[in-house]
4 protein chains.
Amino acid sequence: MAGKKNWYFADGYLPEKINNGPMEAHEALMFLNPNAEDATATVTVYFSDRDPLPTFKVAVPAKRVIAIRLDHPAETGGNAIPLLTQYALGIESTVPIVCQFGRVDTTQNANAYYVGVGWAE
Amino acid sequence: MAGKKNWYFADGYLPEKINNGPMEAHEALMFLNPNAEDATATVTVYFSDRDPLPTFKVAVPAKRVIAIRLDHPAETGGNAIPLLTQYALGIESTVPIVCQFGRVDTTQNANAYYVGVGWAE
Amino acid sequence: MAGKKNWYFADGYLPEKINNGPMEAHEALMFLNPNAEDATATVTVYFSDRDPLPTFKVAVPAKRVIAIRLDHPAETGGNAIPLLTQYALGIESTVPIVCQFGRVDTTQNANAYYVGVGWAE
Amino acid sequence: MAGKKNWYFADGYLPEKINNGPMEAHEALMFLNPNAEDATATVTVYFSDRDPLPTFKVAVPAKRVIAIRLDHPAETGGNAIPLLTQYALGIESTVPIVCQFGRVDTTQNANAYYVGVGWAE
């Protein structure tokens, strides 16, 4: 099966929701499951000065890519990730998958993208 | 031979073609074949809520880099990838290659680049 | 334990602090320790035409992510990294960790992000 | 020794030199040699429809990071890489190193960064 079961993204930082144009400022986490077996991913949110949030689970069906909004508490297990706060992500999946992290920043008059470079094992 | 036969990019999202200046909003996939043998790459496009598109093939001659536009159906096997829709890519090559994914977003008054971080095996 | 003990980022270049809006131009280095054991990271700053700076240490507690500002000498062992100068980073940790490098550039009227792609072993 | 001897960057595309503000539009390649032994890197520039350029060499002393401008023929072996043309890079080093590729685009009123994600072996 293709992919890895454990992914880490060290640099999360939710931008302020100002100057939103056609796109709203946000961060997202993408899970690609290229395999024939459904996956369940368990996500941990780390901070600098406190314990991680309670973990939450994401279903990633076979042959699908699932995106979650990290600024929507309903998609992060009901616990909000605070804005303008350093955080990091760990993902543990039951089946190998491929993850990607992205940010859209609208703080100024033009969008800026930031891509999180994951480390997998 | 240098490279890998299997590549995955988990975060595709074709931007709207608005405010295009010297560059048109698009996403592209690059295939570098640094080896002495020609390669054929088979590309799968994954979605969140439906089956993947029929796969399409890309010829990548020895010692060449080939770029395809993901917003041009003629370059994705005749099937259009819809705009503003989460998708992902899987590439399987007959010969090891090196792939890269990129986006140019012109939604606002300045270009924004997004790079897809691939995972290879 | 998850992560790697040695990380390298080849492209550091502190931007000028001009046109700062809600965000100040800077570069930062993030250290995620997803493991149960505290880590100490030793950082080396390389240049093109002179010897590296004296190394400095960063404490990365278990289950925490730590960010340091590379434009704040107090966070780089008391030695300033000069602006607009090519540099690179090496990190050696006592425990496996996951690192990420990022830049916010405010040289013109919109923020631009640059992400450093690390190499780990 | 830390690093890899072979690096590949699949997406090079020199931007037009227009609207240059404090930064000039360009692409650059960075070579970090964290080891105690000097390295010599041999660079190949690949294209879509023609043979690669003659290779050129870059000296990367021990404990140094070297940056070359890809839009300066004097730094690419005397052969110019044409603007607005897809190309790719291969690097072969005598000693393990860590490479990074970056682009500054000034096509519109704000800088945009693009980072090349390398593949190493």
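## The largest pocket

By class, the largest pocket is lined by 26 nonpolar, twelve polar and six charged residues. (Ala, Val, Leu, Ile, Met, Phe, Trp, Tyr, Cys and Pro count as nonpolar, Asp, Glu, Lys and Arg as charged, and the others, Gly among them, as polar.) About 990 Å³ of space lies in this pocket. Of its 44 lining residues, A:G118, B:G118, B:W119, D:G118 and D:W119 sit closest to the centre.

A pocket here is an open set of points on a 1 Å grid over the protein atoms alone, where a 1.4 Å probe fits, with protein on both sides within 12 Å along at least five of seven lines; lining residues have an atom within 4 Å of a point.

## How to read the model

This is a predicted model, where local features need pLDDT of at least 70 and side-chain atom pairs count only at pLDDT 80 or more, while totals for chains, interfaces and linings use all residues. Residues are numbered from 1 along each chain, chains are lettered from A, and side-chain values use heavy atoms, leaving out hydrogens and water.

## The second largest pocket

Next up is a pocket of about 430 Å³. It has 24 lining residues, with B:M23, B:H26, B:V104, D:Y13 and D:Q86 nearest its centre. Its lining has twelve nonpolar, four polar and eight charged residues.

## Where chains C and D meet

Chain C puts 30 residues into this contact and chain D puts in 31 (contact means heavy atoms within 4.5 Å). There's one salt bridge between the two chains: C:D51 pairs with D:R64 at 3.1 Å, N to O. (That takes a side-chain nitrogen of Lys or Arg within 4 Å of a carboxyl oxygen of Asp or Glu.)

Methods:
Points joined across faces, edges and corners; volume = space filled by probe spheres on them.
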